[in-house]
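Visitor: I am new to this structure. Please show me how to read it.

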Amino acid sequence: MKNILVTGGAGFIGSAFVRYMVQAYPHYTVVVFDKLTYAGNLDNLLPVHDAPNYRFERGDIAEAPTVRRVLEQYQIDAIVNFAAESHVDRSILNSHAFLETDVIGVYVLLEQARQLGIKRFHQVSTDEVYGWIAEGAFKETDPLQPNNPYSAAKASGEMLVRAYHVTHGMHTTVTRGSNTYGPYQYPEKMMPLFITEAIDDRPLPVYGDGKQVRDWLYVDDHARAIDLVLHRGAPGEVYNVGGENEQHNIDVTRRLLRLLGKPETLIRHVADRPGHDRRYAVDCSKIKALGWQRNDDFESLLAQTVAWYQHNAWWWRKIKTGEYLEYYKQQYAQRLAEAKS
Ligand code: NAD
Ligand code: TYD
């Protein structure tokens, strides 16, 4: 591998992967290909802006001519696809862009990669494709039962990746990551939303009883897992990547408030997300057998994450304007007006 295309590299996890790869592999050229949707942000890539092995191209993965031009121009030999519409609540409000990017976009990338004989294709997927599980943990061989338009679109994208491996013999791999947290996460997801709202003494909208369980994975651990599978994963295989760190949402919320020195009176129990998955859990033995290990110190990683948002208000304050405020109003105004504390 010499020239890697990282689609969606201006987003949260994609940019962490790029910052890591540019340093770890100075002999690779890392080309970010990103549409810069509301979630894409070049500030996330400022730390690598001057690196000699980093390039940026703006474009849409669902537009074949642009994808082809970039693949040819940089003689790409591996694609890592992070590009996606990624927020469940937005997929409930309007699913269209999810199908365009998370399904058609994956198809366009695969087809252009096939035509040009590109050696490696890695798809960044999610544990949400399994649906939810009351006890135990999903294995890679379990059936996919997505419950919301986001996870249904991601599952569809994965099925296309599988088909290109089986039908065309493409060397593909897939990772199914769990809920990821850390710096540079767009403040619509629970953690950065709650941290930044609490900093401003604003209410935290906890959906339903807050007893839903998520398995929190630190962003750098997620990035290293993808690097490992890209280099060592077997063709056609899928790998779960979990934090092995299950927490009730309400407990995470209380921890965040403690770390910020803010009162629990900021918590509001609001109307639940329709189709809300109750619990996610994945078995990670397969990727561990490849040599991956997570950092298990949730307490200090959470404290570092909170400190990052405290010290980098420049990064999130300019996001929380314009379109963001429109979305916030649509998602939360009525919920908060009707909330129970
Ligand atoms: P994000 O929303 O922060 O970033 C998505 C990026 O993709 C943005 O830079 C955006 O501009 C870009 N993009 C969107 N549509 C595009 C298109 N049509 N063409 C090119 N670029 C486009 O997302 P994230 O949280 O970093 O997630 C990255 C990937 O990881 C996604 O595929 C997501 O499904 C998956 N994932 C996320 C999590 C999580 O907890 N955030 C967990 C598991 C898996
Ligand atoms: P989120 O960060 O949207 O990730 P996902 O839907 O992919 O799990 O949500 C994490 C959990 O937090 C999920 O159970 C929904 C819940 N949540 C709230 O309770 N309130 C909120 O405002 C948000 C955004 C999420």
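Guide: Start with the shell around ligand 2, whose residues divide into 9 nonpolar, 5 polar and 6 charged. Ala, Val, Leu, Ile, Met, Phe, Trp, Tyr, Cys and Pro count as nonpolar, Asp, Glu, Lys and Arg as charged, and the others, Gly among them, as polar. This is a predicted model, where local features need pLDDT of at least 70 and side-chain atom pairs count only at pLDDT 80 or more, while totals for chains, interfaces and linings use all residues. Residues are numbered from 1 along each chain as its sequence is written, chains are lettered from A and ligands numbered from 1 in the order in which they are written, and side-chain values use heavy atoms, with hydrogens and water left out.

Visitor: Which residues come nearest to ligand 2?

Guide: A residue is near a molecule if one of its heavy atoms lies within 4 Å of it. Of the 20 residues around ligand 2, Glu128, Arg214, Arg273, His276 and Tyr332 come nearest.

Visitor: How far is an oxygen atom of ligand 2 from the side chain of histidine 276?

Guide: A polar contact is a pair of N or O atoms within 3.5 Å; within protein, one must be able to donate a hydrogen and the other to accept it, and residues adjacent in sequence count only if both atoms are side-chain atoms. For histidine 276, a side-chain N or O atom is 2.7 Å from a ligand 2 oxygen. Glutamate 128 places a polar side-chain atom 2.4 Å from an oxygen atom of ligand 2.

Visitor: Which domains supply the shell around ligand 2?

Guide: Domain bounds come from an automatic or database domain assignment. Domain 1 (3–181 + 217–241) and domain 2 (190–214 + 245–275 + 299–336) each give the shell at least three residues. Their C-alpha centres lie 26 Å apart.
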